[in-house]
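Please look over the sequence and the structure shown below before reading on. The report then takes up the surface, the fold, the cores and the packing of helices in turn.

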Amino acid sequence: MVWAPADPGIVRSVADNPGPHDTEILIRALYAEHGRSLLAYATRLTGDRAAAEDVVQETLLRAWKHADDLTSGSGSVRGWLLTVARNLVTDRARARAVRPTEVADVVDTPPVTGDHSESVVNTMVVMDALDKVSPEHREVLVQLYYRGRSVAEAAKELGVPPGTVKSRSYYALRALRAVMAEKATEVSHE
């Protein structure tokens, strides 16, 4: 025997269900009859359509689990469904209040970069080493690396041929490395 409500399309009480084997049909009928109003009620309570859909689903799941207990016929099905929905919303609100708030990752904040103190120290070491190389070498390094000039531009600025700038930059870098290696050796022996 397939379950059917007393008046087609109307579920007045769970007592209209003749037995537990027809609970799935009962839940389908409950959803068809009360689903829209239950969803509207849950949406008003939660303020969120997705959360309201979860509440409706959980309400109907509880109706399915308790179909045998609700066959007494006392009270209306709609009242029972709305009460369960309200209790679920209240339980969710209480659960959220107990948990600490979740913090989302901030995407627009760049990752923390290293401390700039190392670059300051490196700059001081290089400046000190530049003071220890010859003035010709220092001038070429300043023109090429600090002012970002090409070999031709540095040659024009210094008044020497481009080949001389290339040669001086080669020997200037070697001299600078030697001074810095000497400094590193002094620091490691201290």
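## Surface and burial

What is the accessible surface of the protein chain, and what percentage of it belongs to carbon and sulfur atoms? In this model, which is predicted rather than taken from an experiment, the accessible surface of the protein chain comes to about 13300 Å², and carbon and sulfur atoms account for 56% of that area. The protein chain has 190 residues, of which 26% count as buried.

## Overall fold

The protein chain holds seven helices and zero strands, and reading from the N terminus on, its elements follow the order α-α-α-α-α-α-α. When contacts in the protein chain are taken between residues at least 6 apart in sequence, 56% of them join residues that are at least 24 apart.

## Nonpolar cores

The largest nonpolar core is made up of 19 residues, and within it the residues with the most contacts are Leu30, Val55, Val56, Leu60 and Leu81. Two or more residues of this core are given by each of helix H1 (23-46), helix H2 (49-65) and helix H3 (77-98), and the largest share, which amounts to seven residues, comes from H1.

## Packing of H1 and H3

On the side of H1 the contact is made by Leu30, Glu33, His34, Ser37, Leu38, Tyr41, Leu45 and Thr46, while H3 brings Val77, Arg78, Leu81, Leu82, Ala85, Arg86 and Val89. Two of the residues named in this contact, Leu30 and Leu81, are also listed among those with the most contacts inside the largest core.

## Packing of H5 and H6

How many degrees is the angle at which helix H5 and helix H6 pack? Helix H5 (residues 135-146) and helix H6 (residues 151-158) pack at an angle of about 135 degrees, with their axes 9 Å apart. Because of this angle, H5 counts as oblique to H6.

The crossing of these two helices, H5 and H6, is right-handed. Where they meet, Glu139, Val140, Gln143 and Leu144 are the residues from H5, and Val151, Ala154, Glu157 and Leu158 are those from H6.

Key. Residues are numbered from 1 along each chain as its sequence is written. This is a predicted model: local features need pLDDT of at least 70, side-chain atom pairs count only at pLDDT 80 or more; totals for chains, interfaces and linings use all residues. Side-chain values use heavy atoms; hydrogens and water are left out. A nonpolar core is a set of buried Ala, Val, Leu, Ile, Met, Phe, Trp, Tyr and Cys residues joined through side-chain atoms within 4.5 Å. Buried means under 20% relative accessible area, exposed over 50%, partly exposed in between (1.4 Å probe, protein chains only). Helices (H or I, at least four residues) and strands (E, at least two) are DSSP runs, numbered from the N terminus. Contact means heavy atoms within 4.5 Å. Accessible areas come from the Shrake-Rupley method with a 1.4 Å probe; for residues, only the protein chains shown count as cover. Axes are lines fitted to C-alpha atoms, for helices over the stretch in contact, and angles run from 0 to 180 degrees between N-to-C directions. Angles under 35 degrees count as roughly parallel, over 145 as roughly antiparallel, 65 to 115 as roughly perpendicular and the rest as oblique. A crossing is left-handed if the near helix is turned anticlockwise from the far one by less than a right angle, and right-handed if clockwise.
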